[in-house]
Amino acid sequence: MMNVLEETLDFMDMMDEEAAEVVAQRERNTKGKGFQPGDKVEANYALEGTYYSGVIVEVSDDGKSAVVKYDDDGSIESLTLDNIRSLEVATQTVTKDGPMSDSEALGFENMDEKCLFEAYQLKAKLAELKSKHGQEMEAARLFEEAADGAMNDGKMKSASQWSIRAAELQG
């Protein structure tokens with residue numbers, strides 16, 4: 001059960017990071033800023049006509065070229081922007097402003113990806129399990145994280161309970 005909760009929390013973190021990346025890319029695209037360091041791209045390796053995935057490391061001051069680090073071998077190459085293209089996740093629907101959200105693409109909110117529990121609730125459940133298995137320090141850390149999340153969501157009663165539980169475990 002602990003493994004399932006840990007994997008679920010990792011997945012939820014990954015989804016949040018991906019959503020933040022989509023928002024950042026959309027903001028850059030709508031502001032006309034083009035590529036930024038950290039952007040995932042495909043680049044024309046050695047101008048051979050074959051595009052490989054990589055990450056923008058640096059963009060020139062004039063904005064006409066960029067340094068790309070390739071994913072497969074870690075090599076680095078400077079290319080003009082016409083030899084670099086944005087790498088979008090295959091499942092995303094893309095417009096000129098960047099990837100669309102599920103609700104934009106589907107015309108309604110995708111309830112299949114809607115979580116029934118908040119991450120802080122799952123952290124509290126995981127903390128309870130870790131505490132029962134003698135992992136008090138890890139449980140205390142998770143209770144603190146759960147309390148912070150609950151407080152940010154306005155759930156003060158739960159936040160108080162989990163803060164007290166964390167303090168008890170820390171001795």
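Let me begin with a word we will need: two residues are in contact when they have heavy atoms within 4.5 Å. What you see above is a predicted model, in which local features need pLDDT of at least 70 and side-chain atom pairs count only at pLDDT 80 or more, while totals for chains, interfaces and linings use all residues. Residues are numbered from 1 along each chain as its sequence is written, and side-chain values use heavy atoms, with hydrogens and water left out.

I will start with the overall layout. The protein has five helices and seven strands, where helices (H or I, at least four residues) and strands (E, at least two) are DSSP runs numbered from the N terminus. Along the sequence the pattern reads α-β-β-β-β-β-β-β-α-α-α-α. Of the 171 residues, 27% are buried, and buried here means under 20% relative accessible area, exposed means over 50%, and partly exposed lies in between, with a 1.4 Å probe and protein chains only.

Now please look at the sheet. Five strands form an open sheet in the order β4-β3-β2-β1-β5, and their pairing is antiparallel; two strands pair if DSSP finds at least two bridges between them.

Let us turn to helix α4, which covers residues 136-152. Its 17 residues reach 24 Å from the first C-alpha to the last, close to the 24 Å expected at 1.5 Å a residue, the expected span being 1.5 Å times one less than the number of residues. Which residues of α4 are buried? They are Ala 139, Ala 140, Leu 142, Phe 143, Ala 146, Ala 147 and Ala 150. These residues cover an arc of only 165° around the axis, which puts them on the same side of α4, and the arc is that of the directions from the helix axis to the C-beta atoms. As a general point, an α-helix has 3.6 residues a turn, so residues three or four places apart point the same way.

What covers that buried side? The cover of the buried residues of α4 includes α3 (119-132) and α5 (156-170), whereas the face turned away carries the exposed residues Met 137 and Asn 152. Finally, just after α4, Gly 154 takes a positive phi of about 80°.
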